[in-house]
Amino acid sequence: MYTQGLLTPSPKSPAAVEDAELLARFQARIDREEKIEPKDWMPDQYRQTLVRQISQHAHSEIVGMLPEGNWIGRAPTLLRKSILIAKVQDEGGHGAYLYSAAETLGVSRAELIDQLLSGRAKYSSIFNYPTPTWADIGAIGWLVDGAAIMNQIPLCRCSYGPYARAMVRVCKEESFHQRQGYDIMLQLARGTPAQRQMAQDAFNRWWWPSLMMFGPSDGASQHTALSVRWKIKRFTNDELRQKFVDFTVPQAHFLGLTVPDPLLHLDESTGHYRFGDIDWSEFQAVLAGNGPCNRERLAARRAAHEDGRWVREAALAYADKLTSRTRSVA
Ligand code: BYC
């Protein structure tokens, strides 16, 4: 492929020499911490990596509205309901910024949505798990948004300008989301024995899938090396996962919850919590479309897309009307 050619330029062809020079200049800009902007020259593989990651991220935000949206009508108080509505709406907004950031790379939103609805695109594994109790909403906010912050704060320094800038606002909102989740867990943990049990059960359900959110271990991660070189990713998957564990375990202890991992222990010599093996077969099954809710999630997105068809058609008809009016005046 073109860019792979760039990465190992053949000295024979003049085009390859020119490409190698472009690539060297591009890497030098990255190394100087300059932001790459949409109209700047970039290797094809840099563009493709960003389209892949940003669109998967956008899809995750949109699909991520479903497990929590499921609880809007059943939130225990009016205050919790209004907070949850705001949170789910924020996630929709994050999806919209991210689709816009992906569009700056020359791909259309319609094409990306088609990839999601046809099942060709990936979105975060975490959103293929069910939310059977109110405590699951607390666990999502605390753990899933907590993991998201850990992963996304470094993305505010991503080398691609539009993605980095979108992440600044997303991260501010995610930290509010994380706090609201922790607050739900705190209230349940201080509640009746049944409420404490509900919190523990939800924690048991979400702990391991949250660790999987960070992606395959570094040895198995196909994209990390290049993404780190291009400063799209600032940390590897395992580095972020470890930071998350170190940050979250003391929060679990404060709640009085037990981390569902018999091998978890503090390594005094490094100050890091060591944890047991992740079940990667479960992760692979979810990625292959066989998680507990994959089919349900895609079916819900397809139905929402169909339900919204008349809105898109009306908006387009209105835009056409405005354009033809402007033309007839001119
Ligand atoms: N789930 O080489 P790797 C949110 C895929 S939204 C599914 O390590 P990379 C929130 C990966 O795509 C959270 N697939 O890849 C929303 C690749 O597949 P392809 C979403 C995964 O890109 C609502 C393959 O496995 N966050 O927080 O270097 C409510 C090999 O992986 C997953 C983002 O999207 C996974 N967990 O690293 C609440 C953040 N992990 O494309 C919260 C931006 C890996 O080769 N994304 N794969 O077919 C990233 O930081 C990186 O893309 C990842 C993966 C760390 C996720």
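Q: Before we look at the ligand, what counts as sitting in a pocket?
A: A molecule sits in a pocket if more than half of its atoms lie within 2 Å of the grid points of that pocket.

Q: OK, and where does the ligand sit here?
A: In this structure, which is a predicted model, the ligand sits in the largest pocket.

Q: Which elements give two or more residues to the shell around the ligand?
A: Those elements are the helices α3 (44–63), α5 (78–103), α7 (134–152) and α12 (280–290), and α3 gives the most, with six residues.

Q: How many residues surround the ligand, and which are the closest?
A: There are 35 residues around the ligand, and the closest are Q56, K122, S221, H223 and K233. Sorted by kind, the residues of the shell divide into 12 nonpolar, 15 polar and eight charged.

Q: What about Q56 and H223, how far are their side chains from the ligand?
A: An N or O atom in the side chain of Q56 is 2.7 Å from an oxygen atom of the ligand, while for the side chain of H223 the distance from a ligand oxygen to an N or O atom is 2.6 Å. The protein covers 92% of the 1000 Å² of accessible area that the ligand has on its own.

Q: Switching topic, how many aromatic pairs are there?
A: The count comes to 12 aromatic pairs. In one of them, the ring centres of F26 and W41 are 6.0 Å apart and the planes stand at 80°, so this pair is edge-to-face.

Q: And where in the chain are F26 and W41?
A: F26 is in helix α2 (residues 14–31) and W41 is in the loop between α2 and α3, 15 residues apart, so the pair links distant parts of the chain.

Methods: Residues are numbered from 1 along each chain as its sequence is written. This is a predicted model: local features need pLDDT of at least 70, side-chain atom pairs count only at pLDDT 80 or more; totals for chains, interfaces and linings use all residues. Side-chain values use heavy atoms; hydrogens and water are left out. A residue is near a molecule or strand if one of its heavy atoms lies within 4 Å of it. A polar contact is a pair of N or O atoms within 3.5 Å; within protein, one must be able to donate a hydrogen and the other to accept it, and residues adjacent in sequence count only if both atoms are side-chain atoms. Accessible areas come from the Shrake-Rupley method with a 1.4 Å probe; for residues, only the protein chains shown count as cover. On a 1 Å grid over the protein atoms alone, a cavity is a set of points where a 1.4 Å probe fits but cannot get out, and a pocket is an open set with protein on both sides within 12 Å along at least five of seven lines; lining residues have an atom within 4 Å of a point. Helices (H or I, at least four residues) and strands (E, at least two) are DSSP runs, numbered from the N terminus. Ala, Val, Leu, Ile, Met, Phe, Trp, Tyr, Cys and Pro count as nonpolar, Asp, Glu, Lys and Arg as charged, and the others, Gly among them, as polar. Rings of Phe, Tyr and Trp (its six-membered ring) pair if their centres lie within 6.5 Å; planes under 30 degrees apart count as stacked, over 60 as edge-to-face and the rest as tilted.
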